[in-house]
Amino acid sequence: MSAPLLELDRISRIYPTGDVPFRALDAISLKIHAGEMVAIIGPSGSGKSTLMNILGCLDTPSAGDYHVAGQATAALEPDALARLRRNHFGFIFQRYHLLPHLDAAHNVQIPAIYAGTSTAVRHARSHELLTRLGLQDRLRHRPSQLSGGQQQRVSVARALMNGGQVILADEPTGALDSKSGEEMMALLKELHHNGHAIVLVTHDSKVAAHADRIIEMCDGKIVADSGQRAVETDKQQPSAINTQESHTWRALAGRTLEALRMAGFAMASHRLRTLLTMLGIIIGIAAVVSVVALGQGAQKKIISDINSMGTNIISIMPGKGWGDSRASAIETLMPADFEALRQEDYIDSASPSLSTSVLLRYRNLTVSASITGVSQDYFRVRGYEMAQGRIFTDTEVRQLAQAVVIDANTADTLFPGDISPVGKVLLLNSLPCRIIGVTAEKDTPFGIRDSLNAWLPYTSAMSRLIGQRYFNSITVRVVDGYDNDTAENNLTQLLIRRHGSKDFYTSSSDTILKTINKATSTMTLLIAAIAVISLIVGGIGVMNIMLVSVSERTHEIGIRMAVGARQSDIMQQFLIEAVLVCLMGGALGIGLSYLVSLVFPLFVTSITMQFTSWSIISAVSCSTLIGVSFGFLPARNAARLNPVEALSRD
């Protein structure tokens with residue numbers, strides 16, 4: 001006699017039930033050889049179903065040793081037990097245990113998917129099996145569209161998909177009518193004739209009579225065994241696809257595609273719940289992307305304002321820094337300093353500045369305005385453009401001309417309507433000056449938009465209006481392409497040599513730009529961090545819903561484990577579902593933020609939302625991370641379910 005295919009040595013199974021444990025199996029020893037057809041009978045509670053679960057590696061014994069083809073199962077990891085179920089056992093359940101959302105062909109293919117079989121091979125195999133079982137015209141029918149006998153035949157085809165050297169049938173005729181039951185027994189006898197070992201669990205003596213060997217159980221023990229009949233040696237071996245498992249990327253892709261399909265079905269089956277689950281992610285992603293876009297827009301606006309007058313502007317002012325109380329007493333910035341700076345080759349243009357407040361009078365209108373004495377290069381340095389007229393010339397500066405340039409606000413105030421101010425005479429206090437130009441409207445970070453400003457040659461301001469020999473500041477524009485820091489250092493050294501000490505300080509627009517960039521980036525990061533809180537709340541919602549989903553689909557998990565799904569396959573399925581929920585929520589959140597950007601200009605015109613690729617990529621990455629992080633616990637719980645307990649739940 002050859003070595004037994006299945007061998008149990010003093011196997012016990014004990015379940016903890018209160019103070020007194022329940023002994024479902026009590027030191028059972030049993031050998032089943034290849035090609036046998038064995039019937040296990042006994043009353044309810046005798047332990048026959050528990051024995052079948054241990055034989056099929058769905059359950060593990062509390063004590064004793066179990067060998068499958070000489071391999072001890074006690075030390076096997078869950079994935080190794082799954083491989084045994086996948087490649088050596090085929091299950092036929094009383095209640096069929098088909099996945100209701102899959103058609104007959106796909107239900108049959110599940111064991112081959114987990115074995116890594118190629119798509120073409122498993123399609124051909126499932127078609128062959130279903131055709132052999134008379135279901136060639138039911139390949140695309142779901143279980144609900146099949147009769148009980150047809151569903152049972154689909155479960156038989158699934159059991160044979162990877163070979164099914166041992167067929168474990170639990171009450172295979174219990175849910176069938178008499179005719180379908182006879183057909184099922186005829187099919188099992190045919191499989192037995194083809195070389196499959198058949199183990200029947202039944203309480204029906206008529207069904208048991210078809211077996212070569214009948215084992216009777218009572219109270220967890222074998223009370224009778226009709227003994228082994230001679231096993232025919234000329235039986236053909238079971239027909240099967242190649243059970244050598246594939247571990248290539250194609251096999252992984254097949255299992256991943258199956259997980260994606262199941263995740264998509266689960267989400268589609270509970271659309272409202274899925275949408276509500278996504279809501280936290282949608283709001284969080286929309287908030288983060290919108291805040292970042294708004295910050296980028298504000299930053300771009302400020303940078304644009306600074307760039308409009310050049311980022312290579314350096315201002316020189318008396319004192320040691322901003323807020324120096326002694327600065328007003330320092331009178332060392334002289335016209336000679338200005339002329340010296342103009343001679344430096346790294347200086348593109350320069351202008352001194354001294355200012356005061358005066359009353360502007362035109363006819364019967366009088367307004368208060370800021371008057372600044374500047375050179376003709378001031379408008380280039382500060383990036384002003386002319387709307388009307390011209391700026392004053394170098395000759396007018398040398399001749400102390402009484403010419404003035406006004407801004408658009410001043411022109412609108414003193415010359416309303418379509419009156420052109422160019423050529424008109426203004427009184428600056430009591431000094432008459434002719435208007436030669438009007439600057440174009442300009443928003444700058446250095447002034448208030450509704451202030452009134454006028455400029456006249458600094459020589460005229462010093463001699464005719466203010467009576468001041470020194471400048472309040474000198475502003476230079478560095479040649480394009482010249483390093484701003486180097487230019488700032490050079491002019492500092494030049495003025496120190498001229499003054500004998502450093503009684504001034506410099507302020508670079510480049511430094512201001514860097515400071516603004518840093519400030520806006522920090523503010524954007526802060527607000528985005530606050531928005532991330534909603535993402536965390538959304539992630540918790542995803543975790544809760546996934547825990548509910550695991551609870552609802554426990555029976556499905558049990559079916560998949562019974563046909564050979566690994567723990568990693570179950571975990572992958574639920575992780576993918578969580579990630580899909582978050583990714584779809586992220587995509588909707590990004591879409592919502594774009595919608596906000598379309599509405600935003602209706603309320604705010606000075607700033608436009610600026611979307612960047614990195615913010616979108618970050619949003620997608622964040623969605624994926626949330627899905628993995630908050631989906632891991634439910635997925636792990638699903639993967640650690642006991643196959644027997646999972647199958648028993650509806």
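Relative accessible area was used to class residues as buried (under 20%), exposed (over 50%) or partly exposed (in between), with a 1.4 Å probe and protein chains only. The structure is a predicted model, in which local features need pLDDT of at least 70 and side-chain atom pairs count only at pLDDT 80 or more, whereas totals for chains, interfaces and linings use all residues. Residues are numbered from 1 along each chain as its sequence is written, and side-chain values use heavy atoms, with hydrogens and water left out.

Salt bridges, defined by a side-chain nitrogen of Lys or Arg within 4 Å of a carboxyl oxygen of Asp or Glu, number 18 in a search of the whole structure. One of them joins the side chains of Asp137 and Arg138, with an N to O distance of 3.1 Å; Arg138 is partly exposed at a relative accessible area of 24%, and Asp137 is also classed as partly exposed, at 46%. A salt bridge between Arg153 and Glu183 has an N to O distance of 3.5 Å. This pair links distant parts of the chain, 30 residues apart, with Arg153 in helix H5 (residues 148–160) and Glu183 in helix H6 (residues 178–193), where helices (H or I, at least four residues) and strands (E, at least two) are DSSP runs numbered from the N terminus. Arg153 is buried, with a relative accessible area of 19%, while Glu183 is partly exposed at 35%.

The side chains of Glu396 and Arg390 likewise form a salt bridge, at 2.9 Å from N to O; Glu396 is buried at 14% and Arg390 is partly exposed at 37%. Through salt bridges that share partners, Arg553, Glu556, Arg560 and Glu577 are joined into one network.

Aromatic pairs were assigned to rings of Phe, Tyr and Trp (its six-membered ring) with centres within 6.5 Å, planes under 30 degrees apart being stacked, over 60 edge-to-face and the rest tilted; the count comes to 14. The rings of Phe338 and Phe471 have centres 6.4 Å apart and planes at 85 degrees, and the pair is therefore edge-to-face. Because Phe338 lies in helix H10 (residues 335–342) and Phe471 in the loop between helix H14 (458–466) and strand S19 (473–478), the pair ties together parts that are 133 residues apart in sequence. Both Phe338 and Phe471 are buried.

Tyr378 and Tyr384, by contrast, form a stacked pair, with 6.2 Å from centre to centre and 20 degrees between the planes.
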